[in-house]
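Here is a short briefing to read alongside the structure. Keep the viewer open and follow the topics one by one.

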Amino acid sequence: MTDRIKISNDGFGLRPAVMEDARLLYDWRNDEDTRRFSFNKEPIRYEDHLKWLEKKLGQDDCLILIFSDNEGDAGQVRYDICDGIALMSYSIDKDRRGRGYAGIMLEMAATLLRRKYGDVTVKAEVLPGNAASVRVFQKLGYLMEREDDHYVFYNKKTGDK
């Protein structure tokens, strides 16, 4: 049950997203820097976001987590799971960037992902210009799967360290 998968560590927390997080997730998604490093660079309408979020929260193969520090909500990570692959996307609040939160959040999220789905391969698609994300995944030990004109793939079994 998703409402039971929570984790806290050294002043940081991670919890499942709920519909009450809709505005927060919407604002993060439409942030200019977030869109710059997204595959879909267009802003989305709030009404479309609400429909999408309601659908995602109702799916057993999707896990959306909200990361927090002692100041409040600080980021999100989403996993879409299919055939043993958890396709991940994440973002950090614009006021919290540069603090090393992405690595902390992704390590904590991997723990919750493993609790809920067992040993899955995590894959993230990163645009080549997103140097910060590339560094995060390299630091966390993700392997570069392939590189082409559009993106870089990384993957890691949730049970690997």
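**Overall picture**

The protein's secondary structure amounts to five helices and eight strands. Please keep in mind as you browse that this is a predicted model. Starting at the N terminus, the order of elements is β-β-α-α-α-β-β-β-α-β-α-β-β.

**Burial, contacts and surface**

- The protein has 161 residues, and 44% of them count as buried.
- Among contacts with a separation of 6 or more, 60% are between residues 24 or more positions apart.
- The accessible surface is about 9,100 Å², and carbon and sulfur atoms hold 47% of that area.

**The largest pocket**

- Helix H5 provides the largest share of the lining, with seven residues.
- By residue class, the lining holds 22 nonpolar, twelve polar and twelve charged residues.

**Salt bridges around Asp80**

- In total, the structure holds twelve salt bridges.
- One of these joins Asp80 and Lys56, whose closest N and O atoms are 2.8 Å apart.
- Because Asp80 sits in strand S4 and Lys56 in helix H3, this pair ties together parts of the chain 24 residues apart in sequence.
- Are the two partners buried or exposed? Asp80 is buried at 18% relative accessible area, and Lys56 counts as buried too, at 16%.
- Asp80 also forms a salt bridge with Arg78, where the closest N and O atoms are 2.9 Å apart.
- Arg78 has a relative accessibility of 21%, so this residue counts as partly exposed.

**Salt bridges around Arg96**

- Arg96 and Glu71 meet through their side chains in a salt bridge, with an N to O distance of 3.9 Å.
- This pair links distant parts of the chain, 25 residues apart: Arg96 is in the loop between S5 and H4, while Glu71 is in the loop between strand S3 (62–69) and S4.
- How do the two partners compare in exposure, buried or exposed? Arg96 is buried, with a relative accessible area of 8%, whereas Glu71 is exposed, at 55%.
- Both residues belong to a network of salt bridges that links Asp69, Glu71, Asp93, Arg96 and Arg99.

**A glycine in a loop**

- With a relative accessible area of 26%, Gly118 is partly exposed.
- Gly118 and Gly84 are separated by 34 residues in sequence, and their C-alpha atoms are 9.1 Å apart in space.

Note on methods:
Residues numbered from 1 in each chain as written. Predicted model: local features only at pLDDT ≥ 70, side-chain atom pairs only at ≥ 80, totals over all residues. Heavy atoms only, no water. Helix = DSSP H or I, 4+ residues; strand = E, 2+ residues; numbered from the N terminus. Buried < 20%, exposed > 50% of the residue type's maximum accessible area, 1.4 Å probe, protein only. Contact = heavy atoms within 4.5 Å. Areas by Shrake-Rupley, 256 points an atom, 1.4 Å probe, with all protein chains shown as cover. Nonpolar A, V, L, I, M, F, W, Y, C, P; charged D, E, K, R; others polar. Salt bridge = Lys/Arg side-chain N within 4 Å of Asp/Glu carboxyl O.
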